[in-house]
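Visitor: Could you walk me through this structure slowly? I am new to this.

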Amino acid sequence: MTMPMMRPPRKNPVLRTRQMNLPPGARGRVALGLTAAAAEGRFELQTCEDCGTVQYPPREVCHKCLSSALRWRQQSGEGALLGSTTLHHSNDLFFRERLPWRLGLVHLDAGPTLMVHLHGEVGDAPTRVRVGARLDRAGQAVLIAFPNEGSPHMADDKMLREMTSDPKFRKVLVTDGKTETGQAIVRALVKAGADIVWVGHAEPWKKMGDGLDDISALPQVTLVPLDLTNGRQVTELAGAIGGKVDIVINNAEVHRTFGIGARRGTDVAKAEMDINYFGLLRLAQEFGPALKGRSADGETGATAWVNLLSIYALSNFPPHGTFSASKAAAHSLAQCLRAEMRPAGIRVINVFPGPIDDEWNQHTPPPKLAPTALANAIVKALRDGVEDVYPGDVAQEWLERWRDNPKVLERELAAGG
């Protein structure tokens, strides 16, 4: 049984900040299929379409019939633990700082035998386990064996916490607390055990209902002025709290309807780009270096950056044409941010929701995503350590159609859906 994590002591400011050492991250191109699935929270293995063999490790051809017709298929992960060992010494710097470390040999019901990391609640062999794929601090997929029945505090396991970005006892910045979505995110973070939640708000003179007052009354919440169009204000805030923030959640956005021909001028499109794209850029330039410098700062070191994008970033939705374009630009920038943050072990999570049940989607027919459901999806992504999240039925449907044939989806959206 995993003991609940206790609140870590405050860091001694005199001690130097430890730099991040990443686990071995070299992978061949074939093995990246395992990483691609783990980035979305799935455990997949290669399956031969000719003979049906499930194989591991990944190869160019089937090890049984030499067919190249291999497809990545989701697995249940059910299997039996054959044996285990505990490492007390390692030549690798990452593991040397985190010893002891348990490893095990698991025979999957699907066929392959795997070397895996062991969750602390997994007992000695022989025992039944469930294998899942997670991303390590280097952003590569690793395999972990979990007990079939775990305790309520499984997420507090020290090994598992290295693979996730659990907000428990961490300090979080939410860039916009004036929207229903932002307020739902704040409440979900507080419920998840966040230590401090800084909540940005632009135009402090402008009242936006009682939601902001409600969340500001929470003891964990501190309101901070933050307008992502104001570079000086972003810089000042980074100087004040940048060295303390563990997780950044950028949910600030400007969302307007219409495309190109239905609206004259470029003012609205500029406003969308100024927040949705340039706002992310300003935020990354100021807060990114601070997060990278604290990524190995103990159990509650800096760990994640979350971008609220849109499923419209994958393929333009003409009724929301300029908004779609701004989110596509933000998606591209977020991929750059992910590449730059990965050497420091900071996970960049991109969230692609479908239409949210807010003021800008009043005329959009159901199903729409409730702000609370979106907030819960973000917290779950942090706890599961994934990189890409597509919450809601619409987002899942669009993703499936986009993967099947992006050109067909483009034509369908141009024709109205």
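This is a predicted model: local features need pLDDT of at least 70, side-chain atom pairs count only at pLDDT 80 or more; totals for chains, interfaces and linings use all residues.

Visitor: OK, in what order do the three strands of the open sheet come?

Guide: The order is E2-E1-E3, with antiparallel pairing; strands (E, at least two residues) and helices (H or I, at least four) are DSSP runs numbered from the N terminus, and two strands pair if DSSP finds at least two bridges between them. Strand E2 (54-55) and strand E3 (70-74) stand at the edges with a single partner strand each, so one side of each has no neighbour in the sheet.

Visitor: And how many bridges join E1 to E2?

Guide: Two bridges join strand E1, residues 44-48, to E2, whereas E1 and E3 pair over five bridges. Thr47 has Val54 as its bridge partner in E2 and stands opposite Arg71 in E3. E1 and E2 also form a hairpin with five residues between them, and Gly52 in that turn has a positive phi of about 80°.

Visitor: Is E1 enclosed or open to the outside?

Guide: Five of the five residues of E1 are buried, so E1 is largely enclosed by the rest of the structure; buried means under 20% relative accessible area, exposed means over 50%, and partly exposed is in between, using a 1.4 Å probe and protein chains only.

Visitor: New topic: which strands close into a barrel?

Guide: Five strands do, in the order E4-E5-E6-E8-E7, with mixed pairing. Strand E4 (residues 78-87) and strand E5 (residues 101-108) run antiparallel and are joined by eight bridges, and Gly83 stands opposite Leu105 in E5.

Visitor: Where does Arg137 lie?

Guide: Arg137 lies in the loop between strand E7 (127-135) and strand E8 (141-147), and at 10% relative accessibility Arg137 counts as buried. The side chain of Arg137 reaches the backbone oxygen of Ser295 at 3.0 Å, and a polar atom of that side chain also lies 3.0 Å from the backbone oxygen of Gly345.

Visitor: What about helices, at what angle do H7 and H8 pack?

Guide: Helix H7 (residues 267-276) and helix H8 (residues 278-293) pack at about 25°, with their axes 3 Å apart; axes are lines fitted to C-alpha atoms, for helices over the stretch in contact, and angles run from 0 to 180 degrees between N-to-C directions. H7 and H8 are therefore roughly parallel to each other, since angles under 35 degrees count as roughly parallel, over 145 as roughly antiparallel, 65 to 115 as roughly perpendicular and the rest as oblique.

Visitor: Last one: which residues does a cis peptide bond join?

Guide: A cis peptide bond joins Tyr56 and Pro57, with omega about 5°, and another joins Pro366 and Pro367, again with omega about 5°. Most peptide bonds are trans, and most residues other than glycine have a negative phi. Leu66, however, has a positive phi near 65° and counts as exposed at 63% relative accessibility, while Phe258 has a positive phi of about 80° and is partly exposed at 46%.

Conventions. Residues are numbered from 1 along each chain as its sequence is written. Side-chain values use heavy atoms; hydrogens and water are left out. A polar contact is a pair of N or O atoms within 3.5 Å; within protein, one must be able to donate a hydrogen and the other to accept it, and residues adjacent in sequence count only if both atoms are side-chain atoms.
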